[in-house]
Protein chains: 2
Amino acid sequence: MSLGEFDLIARYFDRPVRRAALGIGDDCALLTPLPGMQLAVSCDMLVEGRHFLPTVDPERLGHKALAVNLSDLAACGAEPLAFTLALALPRADEAFLEGFSRGLLALADASGCELVGGDTTRGPLNICISVFGQVPLPATGSGALLRSGARPGDDLYVSGTLGDARLALEVFRGTVSLDGASLDAVRKAMELPQPRIALGMALRGVASSAIDVSDGLLGDLAHVRQRSGVGAVVEVDKLPLSDVMRVQPLNLQRLCTLSGGDDYELLFTAPAEQAVAVAAAGDAAGVPVTRIGRIIERPDAGRVQLIDAQGRSVQHDALSFDHFRT
Amino acid sequence: MSLGEFDLIARYFDRPVRRAALGIGDDCALLTPLPGMQLAVSCDMLVEGRHFLPTVDPERLGHKALAVNLSDLAACGAEPLAFTLALALPRADEAFLEGFSRGLLALADASGCELVGGDTTRGPLNICISVFGQVPLPATGSGALLRSGARPGDDLYVSGTLGDARLALEVFRGTVSLDGASLDAVRKAMELPQPRIALGMALRGVASSAIDVSDGLLGDLAHVRQRSGVGAVVEVDKLPLSDVMRVQPLNLQRLCTLSGGDDYELLFTAPAEQAVAVAAAGDAAGVPVTRIGRIIERPDAGRVQLIDAQGRSVQHDALSFDHFRT
């Protein structure tokens, strides 16, 4: 970026910090977690053409770049504190930067998460954000939510609805048609995901494990199963659907909800005796929470059991995209 | 990276953590700074063609990618704790990954800095590292070294030698010729910079300000002058030179040492009464430290004063690269 790098940072990104001890402008930023807290750290890189389309509205891209990182904090039950932004840009495009920084900093303000540092350089468009949150030490009994805490007998829950982002992607791929209002709705799910921060924090001490759904429900559930050493049963007809999704063909619904990805909802487990506390956490956070299955002993087969409302087994190979297309 | 992303991480990057509370494999890593410490955070992005040549040895690239970040911790006097790595790769190239991870993790081990998380994706080669260190809270009197603490009357120091990385770059650009042994030496300075971590930590409570020299001595000194609201006098004939640099033409020496960049030495200030403590810090860290000038009241003109051994003023425009070439 050589020419104008410092101007660019000052104009679009440098804001006074309130929570961090030191923000942009020195060799390092300085963060002071509260006593008894530990620091949760996550990092995501977004590349044009893989994680977003070149045609995306820069303001929505700014929102999403931070949202996917905040979603990792939410999945740990962490309270957002700060983030760094490294940005490679083909050129210093003011229209892009104006929109991008507006979307980014609006979500940052709304989340209490401050931009404290980063890097800008010239190069193929690449957005790398690292996000920092605080979470009580485990000894407090409401420490970080991990992927490893699911136990047989736990209920399995998901927040919000699933699959809309994938449905939007299929429209852009030309495999599905939607009317304008429906497309706007699912496109918003894809481009403006809402990280479930309040829900994650409310689930500390209640949920036994949590992950955010970024790769698709089955893919992310596999991480929980692996880290916890358990199996799972998912009741596919209980998966929460949006109004747009509800009127789609059944096999498209199942494809999008089970293996869609880009949902940024929380997938979590809790012992049965926590059911009331789970519902209360959802109410407090203003986010619908749906029980979609249960955790079982690790089965011999490596796959999640899928059952429908009649208790019949649903075949995984019915979920492949190729199958859906034919 | 879809295919093999998790294998790639497991094979090349996933190592057990000893200092972090939680490393790779969950939504977030968890760090627990010691009581009374705050967290120093920095982030750098390296792009092929701008920050390194496509021909660089992957092992050296792995070293340098972490070294430039550790250098920011050193400039704050922070003790390294952990880092995250986000890596965009055109393809999963095993020879590259084997060398890159070896160089990266060797420096990580040597620095007590653990890889705790990150992201891999397919895309134009891009390396984004965020590094985390701990530093005592300011109330202890040996808090983070900032750019803003320089005061008129302070001495100005630099560690190591300056300019070799720029000299190597000029050889690759074809503007300078060196014999093989000399080229190897300056190329090592460019490709294997040594972050001055031990020196930075030893300077806490001794130095009044510090920065690492990444953009060139004059450019980085400008940041200190601006943040501290002071001026500076640099005695150009005191700038520390390597054996290779010492035999180069005077104007090439001055170009490389004053505006070279990529040195990753510490540029710092200290009150005159700390001169013995500064020397002791250099001895303890095993790094030469040279007094190269002093801090003055902010002058009317915005530029650093440059003087030679006879006290004569040296003109800044003698330092431009175009001038050097003609």
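**Where chain A meets chain B**

Guide: Happy to! Let's begin with one residue: Ala40(A) has Leu30(B), in strand 1 of chain B, as its bridge partner. Please keep in mind that this is a predicted model.

Now step back to the contact as a whole. Chain A contributes 46 residues to it, and chain B contributes 46 residues as well. On the side of chain B that touches chain A, the elements giving two or more residues include strand 1 (29-31), strand 2 (37-47) and helix 2 (58-76). Strand 3 (79-89), strand 4 (114-122), strand 5 (126-136) and strand 7 (209-212) of chain B are also among them. Strand 2 of chain B gives the most to this side, with nine residues. Sorted by class, the side of chain B that touches chain A holds 25 nonpolar, 11 polar and 10 charged residues.

Chain A has 11 helices and 11 strands. Its radius of gyration is 20 Å, close to the 20 Å that the globule rule gives for 326 residues, so chain A is as compact as a globular protein of that length. The C-alpha trace of chain A spans about 65 × 50 × 35 Å along its principal axes. Of the 326 residues in chain A, 52% are buried. Among contacts in chain A with a separation of 6 or more, 85% are between residues 24 or more positions apart.

Terms used: Residues numbered from 1 in each chain as written. Chains lettered and ligands numbered in written order. Predicted model: local features only at pLDDT ≥ 70, side-chain atom pairs only at ≥ 80, totals over all residues. Helix = DSSP H or I, 4+ residues; strand = E, 2+ residues; numbered from the N terminus. Rg over C-alpha atoms; globule rule 2.2 N^0.38 Å. Buried ≥ 20, exposed ≤ 12 C-beta atoms within 10 Å, placed from the backbone. Contact = placed C-beta atoms within 7 Å. Nonpolar A, V, L, I, M, F, W, Y, C, P; charged D, E, K, R; others polar. Pairing = 2+ DSSP bridges.
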